[in-house]
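User: Could you take a close look at one strand of this model and its partners, and then go on to the main pocket? I would like the terms spelled out with their cut-offs.

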Amino acid sequence: MINDSVFIEDLTTAELNKKIKEGYSTVLIYSGGTEATGPHVVLGKHNFKLKSYAQRVAKGVGKTLVVPIIPFAPNHISLKKFPGTISLEEQTFYNVNKEIALSMISSGFTHIILMCDHYNSQQPLRQLADTLASSYRNQKVDVYYAGSGYAKAREIIEESIKKRNIAAGGHGGHWDVSEIMSISKKHVRPDLFDIGDTIKGGNAQLDHRGVSGDPRKANTKDGRQYADLRVKLYIEEIKNHIKAFRKEE
């Protein structure tokens, strides 16, 4: 039986080794998070989204596999007071990703792609990618932080939401809730939807429930569009990067 999963946790060592020999040279290390998002979104929202996005990105890039989604991240101090939030220090998060990347290099992958779905995760991953890329480039191993599917996509998504006179950003706001709804409605509690702080379009402080923005018009159709954009941008960025890296060899 052929195991066509892109997730290495679904493979045996022999199956993984076979895929690497067949040219699966790229692996995604995708960091999510476990955190409070008000009373209306489950704690594991990042991780549920990323399982879906990672599979699509891996298939789109081609010859690409995915490590288990990392379910923990650095969190803003304002979230730490809410039950269920699991927060790592930035250095701990950096080290965890570093050890995973080194394990993947030892496994035989030559393109290690770091990714995240969490604001506070971006800078540590950029720094790690730069450091490892410099260290391993002479061994023809590529380590890269791909950020367009998070940061660039968010800019585009929020600009589109503003045009509809909805608070564009937010923690538990419109795009946040729409995306997790598009994965599964069981991850949200629509009866608890209520507007949060909308200062700076929802991208300022959290209210006493840990919410900002406005989730009241969140829907699966919008969520699928936002997900499609994130996946598209990630695929384009990663493919272009790998192409450029190989030209430089």
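Analyst: Strand S1 (residues 26-31) and S3 run parallel and are joined by 6 bridges, where strands are DSSP runs of E of at least two residues, helices are runs of H or I of at least four residues, both numbered from the N terminus, and two strands pair if DSSP finds at least two bridges between them. Cys116 of S3 is the bridge partner of Ser31. S3 is also joined to strand S4 (residues 142-145), again in parallel, by 4 bridges, and there Ile112 has Val143 as its bridge partner.

This is a predicted model, in which local features need pLDDT of at least 70 and side-chain atom pairs count only at pLDDT 80 or more, while totals for chains, interfaces and linings use all residues. Residues are numbered from 1 along each chain as its sequence is written, and side-chain values use heavy atoms, with hydrogens and water left out.

Strand S3 (residues 111-116) is mostly covered, with 6 of its 6 residues buried; buried means under 20% relative accessible area, exposed over 50%, and partly exposed in between, with a 1.4 Å probe and protein chains only. In a regular strand the side chains alternate between the two faces of the sheet. His111, Ile113 and Met115 point one way from S3, whereas Ile112, Leu114 and Cys116 point the other way, and all are buried.

Cys116 leads on to Tyr150, since leaving aside neighbours within four places in sequence, Tyr150 is in contact with Cys116, Asp117, His118, Tyr119, Gln122, Arg230 and Tyr234, contact meaning heavy atoms within 4.5 Å. Tyr150 lies in helix H5 and counts as buried because its relative accessibility is 6%. The C-alpha atoms of Tyr150 and Leu233 are separated by 8.8 Å, although the two are 83 residues apart along the chain.

Tyr150 also belongs to the largest pocket, which is lined by 24 residues, with Tyr119, Tyr150, Arg154, His171 and Leu206 nearest its centre. A pocket is, on a 1 Å grid over the protein atoms alone, an open set of points where a 1.4 Å probe fits, with protein on both sides within 12 Å along at least five of seven lines, and lining residues have an atom within 4 Å of a point. Helix H2 (45-61), helix H5 (148-162) and helix H6 (174-183) are the elements that give two or more residues to this lining, and H2 gives the most, with 3 residues.
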